[in-house]
Amino acid sequence: MELIWLIPLVPLAGFLLNGLFGKSFSKPVINTIACGSVALSFLLSLNAFFGLLRLAPESRSFEYILFSWIPSGSLNADVGFLLDPLSAVMILVVSGVGLLIHVYSIGYMAHDEDYSRFFTYMNLFMASMLVLVLANNFVLMYVGWEGVGLCSYLLIGFWYEKRSATDAGKKAFIVNRIGDFGFALGIMLLFWTVGSVHFATVFNLAPQQLAYGGGIITAATLLLFLGAVGKSAQVPLYVWLPDAMEGPTPVSALIHAATMVTAGVYMVARCNVLYMLAPTTLLVVAVVGMFTAFYAATIGLFQNDIKRVLAYSTISQLGYMFVACGVAAFGAGIFHLMTHAFFKALLFLGAGSVIHAMSGEQDMRRMGGLKSKLPVTYTTMIIATLAISGIPLFSGFFSKDEILWQAFSSRFGSPLLWVVGLLTAGLTAFYMFRLIYLTFFGQRRYDDHAASHVHESPRVMTVPLIILAVLSVIGGYVGLPKALLGGAWFERFLHPVFAKGAEIGKLAEGAGESHATEYVLMLAAVAFVVLMIFTAKRYYLDRAKDSEQFEHGFGGLYKLVYNKYYIDELYDRVIVNPLVKGSNLLWQKFDVLIIDGFFNGAAWLAGQWAISMRKLQTGMVRSYAFVFLGGAIFVIGYLILSR
Amino acid sequence: MSFPNVDFALLSPSLIVCITALLTMLLVPFLGEKRQVVVAHLSWIGLSIALFAVSQQIGKNATTFGGMFLGDDFSQFFSGIFIVAAMLTIFTSIDYLRRKENEHGEYYPLILFATYGMMVMASSSNLLVIFLGLEIMSVSLYVLAGFARTELKSTEAAIKYFLLGAFATGFTVFGIAFVYGVTGTFDVAGIINAAFGQSNVDTFLIIGSALLLIGFGFKVAAVPFHMWAPDAYEGAPSPITGFMSAGPKAAAFAAMLRIFSVGFGSTVPHLQTLFWIVAVATMTVGNIIALRQNNIKRMLAFSSIAHAGYILIALVVGTGEASSAAALYLLAYALTNLGAFMVIALVDSGAKHDEFTSIDTYTGLARKRPFLGLALTLFMLSLAGFPPTAGFMGKFVLFKAAVSQGFYVLIVIAVLNSLVSVFYYLRVVVKMFMTEPDGQPVEVPAVPVFLMVALAFAVAAVLLIGVYPQGWFNFAGLSILGAN
């Protein structure tokens, strides 16, 4: 466990090597460095995880201070890492899924000219993400937070010749700035009131120093949550994520589905003590999460771009995780985070495999009937779809069901949350099966030219798909709930991290409620999901010809949803355009005339001064000595006369 | 006559440097013209042994020669800077001299003698011993500045440096004499004892301290005693320019910190105000004139003046925290500047004469040689004080030490000055990265092995101090406690 500092460092070394010398390396060398470093991180993470398991549950928290980083008065930030059950799960998910996606990228990016640049950014991302989840204080976490933001920007705009890609990169960066601003303010507010940025210290002192439900803790947690809203693409800051699909598909899988976007959930879970102190914020988190989950699912219903469907699905699933956090079921949130990482990464990689086979086509209306052409992709994607839809025995069922149950039964939950969650689950099943039917079933809708290229992806891409498919099935069993004769091992493992928060929230552990209600709710959810799957089957497989008619049958509602509620247009009208106009005005009037004038004037003055001073520097020793003597007289005279 | 009780272990670092210098000097005539480089290798080997010896003396804080030689951590810290500076200079010089067809073995013993002088300067609080070290260092530097005998500029640099140096030495000697006349001792602690508590400070003590300030002000190139620096820096062989800005500057400041921050600061009235004026004048004049320089060595000469201005802040503040901040600053500045001059020397050595020192030479350099470009960019950023470089940390701790004592105006001026300086440092970067060369770009030689090692070391050190200042700062902090 003493080696945890190496976990982010190894990918960083890979980043440096490939970044500095990648241009002269051959592809196998680049692959070895990029994937090898992530693999090493994964092995170290496993080692740390098992090291943690050997300890007694209550002592499973280990800090390793690499060095003191900012020792400045009362602000003390170390480059220090914290290994506890929560961060152990995170590093395993990040490095494990990251490794699979790195391997997959070898195949996916094989024909790209900027091969080394891609893996350089990917490794930098891994390093930043691992710093984010391993940091033992807010400031270092912020470093990772900004680092992943930077990599996200770089990778979205990876194909920088494409205008839409660079625009999307900028959009992601700017929208995230809003969230990051809140996050930074939150950290400062905490530092200002609690006097530390160190997690353990803050979580120890906050319950003593800040009033339960008081203004300060509510403001601080809301500000932190604003950061999470930006990074994890929640309403109203979700608009960047769909556009982020401009990046290469492995990037979408790694950054915009499995890891980075879940950073917000991780942060809220990490700060569970603070959130439990602020019930108002919890309510906000739950409502924002639920609203986002439902809202994004409705947009996902009728999108035709395969990656966009998955993007909205990601936003929706992140909403679920926040619902879990909002009802104080942090363990359930992290559980869903993990299973979602498996099946959503798989869905994206599968979509990538499809796009790869279709020579870059992303519109599902021009696919169809690919089932027999891409057997491995098809099978694995079916598994992931069953998982995300919440079909029993697949991982997503357990984690989603846990969230729904908690939303219903928690002290902070409400039946209303459950109802919306149920509706969302149904919508999810519908749009996911719509995706499957449009892509893999029915008649082929692409031309002969494309048909001649259709091929199953190489082994290097399909093997990660298969591994992820296995994980999507079995990943849920670590958290088998008691109602299903499981031991809820996952939540017991995480429990030490959330124990203090639970104490504050007066959450009774293992409430003695009968399982009857739980069974009924579970059954209702499964029944509804199956119903929605059959609806999708009916309109997109059995009566595929009528599917357009079916969609348009919804009239205005269809148009509204299809156009994503016109939110992008609204933002453009209300925020972007006035901002651009206002800044243009400021630029032309205020900046050019006054600011530039001032600085150009100052620069001109300094230049003039320099010219005149330079004249003193004649090159004559005599004049040098003369100036020297003048100075000497001044020094002696000053000291004597001023005594 | 009995042999005095001398702690040779304590003396070992400086003795090793001195003996290496003597032996290599004697060896030079016996080596053929083709084998002069042997001297270089012997020199850096001797220096690395001396560096090891320094590491062995850390924490001892002993004295010898009846208290005239101090082996405290302050002197070990600075000895470390001097030795590393000398080694990096030698690594830079090997190929430089060969390309300039100026391979004379005496060059290396001279560097060693200068290093020895600096170590003596930093290892005593006795004015006479400090003066001895100062002169050993200065005479070696006069020769080194003019080492490119056939170059007019180099000869000019040596003569100017020597003439004005002799002039300044007069002030120093008179200063020591006056102080001795009043207090009857050369030892800083003794001087304070004699003068402290007197209701009326003796006029000659004031004059003496003023003269000392002038003498050392010359060595650190403080305004208005700085006029020699641009000419000497520009004319001297490029590796020597780097060496002069790193080692001797640190040595002079080490002596000043010992004499003024611990000694006169508390006894002579208004000395602090005077330092305030000199510091502000030095940083401002250095930065403003640097804006308009077209020769990179000359620009860095003015930059070096400006940096002396920042370091003088430590003498204004006069606390132990400020002194250790200054020590860290000097370390950071030495490594950064040595690194910058490695690149400059390499570019310079592309031509037999010195036509490759103008900033225009660097146009488009980074496109052809990205690593050199990145390295020089890092050093320029460090000089400008950007995080996460050593230069930033140096400025940060120094300015913080001043702010904690309430010197707000001074720090505002210093920060404004740093802002101005960004312009001329980044000008080089812009030239390297964003400007297309007009005609044929300058041919820069391949990086030889020793320079590669030195450059890698400098880059690593600048970054390391930038991200991990704590260990260095602790060491610098310890060293000052020893001095008090």
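How many cavities of 30 Å³ or more does the structure hold? In this predicted model, there are twelve cavities that reach 30 Å³ or more. The volume of the largest cavity is about 70 Å³. Its lining is made up of Ser389(A), Gly390(A), Gly396(A), Phe397(A), Lys400(A), Asp401(A), Leu404(A), Ala425(A), Ala525(A), Val526(A) and Val529(A). Helix 17 of chain A contributes the most, with five residues. By residue class, the lining of the largest cavity consists of six nonpolar, three polar and two charged residues.

Helix 4 of chain A covers residues 115-134. With 20 residues at 1.5 Å a residue, this helix should span 28 Å, and the distance of 29 Å between its end C-alpha atoms agrees with that value. Of the 20 residues in helix 4 of chain A, 20 are buried, so the helix is largely enclosed by the rest of the structure.

Aromatic contacts were examined next. A pair of aromatic rings is described by the distance of the centres and the angle of the planes. Over all chains, the count of aromatic pairs comes to 65. In one of these pairs, the ring centres of Tyr539(A) and Phe550(A) are 3.7 Å apart and the ring planes meet at 10°; the pair is therefore stacked, as the angle is under 30 degrees. Tyr539(A) belongs to helix 22 of chain A and Phe550(A) to helix 23 (residues 547-552) of chain A, so the pair ties together parts that lie eleven residues apart in sequence. Both members of the pair fall under the 20% cut-off for a buried residue. The relative accessibility of Tyr539(A) is 18%, and this residue therefore counts as buried. For Phe550(A) the value is 16%, so Phe550(A) counts as buried.

One aromatic cluster is formed by Phe628(A) together with Tyr142(B), Tyr161(B), Phe162(B), Phe167(B), Phe171(B), Phe218(B), Phe225(B), Trp228(B) and Tyr233(B). This cluster holds residues of chain A and of chain B.

Charged groups placed over aromatic rings were also found. The ring of Tyr539(A), already described as part of a stacked pair, has the charged end of Arg538(A) over it, 5.6 Å from the ring centre. Elsewhere in chain A, Arg177(A) lies over the face of Phe173(A), at a distance of 4.7 Å from the ring centre.

The backbone was then considered. Most residues other than glycine have a negative phi, and most peptide bonds are trans. In chain A, the peptide bond that joins Val235(A) and Pro236(A) is cis, with omega of about 5°. Pro236(A) is placed in the loop between helix 8 (215-231) and helix 9 (240-243) of chain A. In chain B, a cis peptide bond runs from Pro387(B) to Pro388(B), and its omega is near 0°. Pro388(B) is located in the loop between helix 15 (370-384) and helix 16 (390-403) of chain B.

Positive phi values occur in two non-glycine residues described here, Lys564(A) and Glu101(B). For Lys564(A), phi is about 55°. This lysine, Lys564(A), is in the loop between helix 24 (556-562) and helix 25 (567-616) of chain A. Its relative accessibility is 22%, so Lys564(A) counts as partly exposed. For Glu101(B), phi is near 50°. Glu101(B) is in the loop between helix 3 (73-99) and helix 4 (107-122) of chain B. With 58% relative accessibility, Glu101(B) counts as exposed.

Lys500(A) and Pro207(A) are 293 residues apart along the chain, and their C-alpha atoms are separated by 9.8 Å. Lys500(A) is a residue of helix 21 (residues 489-504) of chain A, and it is partly exposed, with a relative accessible area of 32%. Thr20(B) and Arg99(B) are 79 residues apart along the chain, with their C-alpha atoms separated by 25 Å. Thr20(B) is in helix 1 (residues 8-27) of chain B and is buried, having a relative accessible area of 12%.

Key: Residues are numbered from 1 along each chain as its sequence is written. Chains are lettered from A and ligands numbered from 1 in the order in which they are written. This is a predicted model: local features need pLDDT of at least 70, side-chain atom pairs count only at pLDDT 80 or more; totals for chains, interfaces and linings use all residues. Side-chain values use heavy atoms; hydrogens and water are left out. On a 1 Å grid over the protein atoms alone, a cavity is a set of points where a 1.4 Å probe fits but cannot get out, and a pocket is an open set with protein on both sides within 12 Å along at least five of seven lines; lining residues have an atom within 4 Å of a point. Grid points are joined across faces, edges and corners, and a volume is the space filled by probe spheres set on the points. Helices (H or I, at least four residues) and strands (E, at least two) are DSSP runs, numbered from the N terminus. Ala, Val, Leu, Ile, Met, Phe, Trp, Tyr, Cys and Pro count as nonpolar, Asp, Glu, Lys and Arg as charged, and the others, Gly among them, as polar. The expected span of a helix is 1.5 Å times one less than its number of residues. Buried means under 20% relative accessible area, exposed over 50%, partly exposed in between (1.4 Å probe, protein chains only). Rings of Phe, Tyr and Trp (its six-membered ring) pair if their centres lie within 6.5 Å; planes under 30 degrees apart count as stacked, over 60 as edge-to-face and the rest as tilted. A charge sits over a ring if NZ of Lys or CZ of Arg is within 6 Å of the ring centre and within 35 degrees of the ring normal.
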